[in-house]
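Please examine the sequence and the model before reading on.

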Amino acid sequence: MTLYEDLKWRGLIQDISDEKLIDKLNNEKLTFYIGTDPTADSMHIGHYSSFLISKRLAKAGHKPILLVGGATGLIGDPKPTAERPMISKEEVEKNFKGLKKQAEEIFGFEVVNNYDWTKDINVIDFLRDYGKYFNINYMLAKDKVKSRMESGITYAEFSYMILQALDFMHLYETRGVTLQVAGSDQWGNITSGIELVRKKLGKEVYGMVMPLVTDSNGVKFGKTEGNALWLDKNKTSSYELYQYLINLEDSMIIDYLKKLTFLSKEEIEELEEKHKKAPEKREAHKALARCVITDIHGKEEYEKAVRISEALFSGNVKSLSKDEILTGFKDVPSFEVKENIKLIDMLVDNNITSSKREAREFLKAGSISINDEKVNDENMIIDKSLAINGEILVIKRGKKKNFIGLIK
């Protein structure tokens with residue numbers, strides 16, 4: 001299978017600018033770039049799905065350059081529905097440093113900043129050297145601009161495609177870049193860059209875009225959409241990422257395996273067969289989680305995520321450390337426990353039950369547990385001897401209500 005055939009099989013090619021690119025991908029060594037704007041200090045799983053192509057192309061002998069847009073980030077790529085809020089120069093700089101470090105650690109390639117070659121261009125030169133090559137009708141025909149014509153679009157947003165086109169031309173002239181790859185939402189910006197290089201330099205460059213990886217509702221991942229799965233483990237822990245991937249809808253699992261892993265066609269087809277025969281074993285899901293988390297955070301973080309998940313599922317919370325427990329129960333209510341308080345008072349004082357009467361009903365029914373052990377004595381004294389590491393209590397009411405008590 002050629003590189004292009006593999007990319008097509010994985011569903012990673014939506015459009016290419018010229019059929020000649022197929023032969024170049026298969027038989028030449030191209031220098032290409034892929035970029036993102038520093039709208040946050042961490043990438044998310046949507047970036048990962050796109051940036052992963054840099055590793056695929058590098059394995060085939062092509063040279064990647066990763067661009068973090070310190071200049072374009074100050075303007076903001078137009079959203080289809082509304083103006084993107086501008087962020088300060090200080091925040092863009094902070095975000096750039098975070099993304100640069102992350103990109104180097106996860107993907108391992110050179111990172112450049114378009115602010116370096118944009119900051120000294122004055123407005124007259126910008127209009128004469130670049131603006132004159134863009135026909136207004138051509139710009140108005142781009143999907144993102146067209147979708148904003150009724151609600152309105154600012155001149156700053158309208159000019160964004162010129163800035164991105166400038167990037168392509170600069171990288172062609174200084175680094176020999178002849179290909180830009182990106183998610184499908186960047187098609188208009190990429191073709192603008194191709195046109196600028198053709199008109200201004202008389203040279204031919206190429207573009208390729210991938211379908212956006214979406215969640216189960218068909219929404220692309222991102223900060224704006226409110227569904228970001230961050231690559232920074234301090235924002236989205238390996239356990240949280242594991243839980244998302246292991247619980248992915250069955251209908252999406254093979255698509256994710258193709259796009260987010262380096263497993264071969266044969267390996268993925270074998271997992272697909274296993275999944276069809278025994279979906280409850282989640283073998284395809286486990287393979288996906290292993291590949292993604294190991295690539296982003298390393299083997300140790302993946303094993304930690306599995307350990308937390310298995311301990312919580314099997315009712316063996318005592319085998320976990322305090323940090324692992326807090327990771328596993330990140331979003332549950334927590335409170336400080338007064339030492340030597342009666343069990344029934346702790347339940348009522350911290351709204352685990354609404355009253356002593358309700359507390360007694362739950363205790364009598366065996367519905368209250370502390371650190372996975374059922375308790376029923378309302379007068380039991382809560383102290384450090386009951387706590388994991390002498391300070392943490394995992395309190396469960398029924399099957400779904402969890403609380404964290406911290407003894408200080």
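## Two loop asparagines

Asn 389 is exposed, at a relative accessible area of 54%; here buried means under 20% relative accessible area, exposed over 50% and partly exposed in between, computed with a 1.4 Å probe on protein chains only. Asn 389 sits in the loop between β11 (381-382) and β12, and has a positive phi of about 55° although it is not a glycine. Helices (H or I, at least four residues) and strands (E, at least two) are DSSP runs, numbered from the N terminus. Asn 351, in the loop between α19 (343-349) and α20, likewise has a positive phi, near 60°. With 64% relative accessibility, Asn 351 counts as exposed. Most residues other than glycine have a negative phi.

This is a predicted model, in which local features need pLDDT of at least 70 and side-chain atom pairs count only at pLDDT 80 or more, while totals for chains, interfaces and linings use all residues. Residues are numbered from 1 along each chain as its sequence is written, and side-chain values use heavy atoms, with hydrogens and water left out.

## A buried glycine

Gly 366 occupies the loop between α20 (356-364) and β9 (368-370). Its relative accessibility is 19%, so Gly 366 counts as buried. The C-alpha atoms of Gly 366 and Gly 398 are 8.5 Å apart, although 32 residues separate the two along the chain.

## Nonpolar cores

A nonpolar core is a set of buried Ala, Val, Leu, Ile, Met, Phe, Trp, Tyr and Cys residues joined through side-chain atoms within 4.5 Å. The largest such core has 60 residues, and Leu 25, Tyr 48, Leu 179, Met 208, Leu 257, Leu 288 and Val 292 have the most contacts inside it. Helix α16 (residues 283-297) provides the largest share of this core, 8 residues. A second, separate core has 27 residues, including Val 112, Phe 134, Phe 168 and Leu 171. In soluble globular proteins, nonpolar side chains tend to be buried together.

Contact means heavy atoms within 4.5 Å. Not counting residues up to four places away in sequence, Leu 179 touches Leu 21, Leu 25, Phe 168 and Met 208, among others.

## Annotated positions

An unreviewed UniProt entry lists Tyr 33, Tyr 160 and Gln 164 under "binding site". UniProt positions are given in the numbering used here, feature names are shortened, and annotations may be inferred rather than shown by experiment. Tyr 33 lies in strand β2 (residues 31-36) and is buried, with a relative accessible area of 2%. Gln 164 belongs to helix α11 (residues 160-175) and counts as buried at 7% relative accessibility. Leaving aside neighbours within four places in sequence, the contacts of Tyr 33 include Gln 164, Phe 168, Leu 171 and Leu 179. With the corresponding neighbours left aside, Gln 164 is in contact with Tyr 33, Thr 72, Gln 180, Gln 186, Asn 189 and Ile 190.

The unreviewed UniProt entry also carries the annotation "short sequence motif: 'HIGH' region", covering residues 38-47. Over residues 38-47 the chain is 30% helix and 0% strand, with end C-alpha atoms 11 Å apart.

Helix α17 (residues 299-314) has 16 residues and should span 22 Å at 1.5 Å a residue, which agrees with its end C-alpha atoms being 22 Å apart; the expected span is 1.5 Å times one less than the number of residues. The buried residues of α17 include Glu 301, Tyr 302, Val 306 and Leu 312. Among the elements covering the buried residues of α17 are α13 (238-246), α16, α18 (322-328) and β12 (392-397). Just after α17, Gly 315 takes a positive phi of about 75°.

On a 1 Å grid over the protein atoms alone, a pocket is an open set of points with protein on both sides within 12 Å along at least five of seven lines, a cavity is a set of points where a 1.4 Å probe fits but cannot get out, and lining residues have an atom within 4 Å of a point. The second largest pocket is lined by 28 residues, and Ser 309, Leu 312, Phe 313, Gly 315 and Lys 396 lie nearest its centre. The largest share of this lining, 6 residues, comes from α17.
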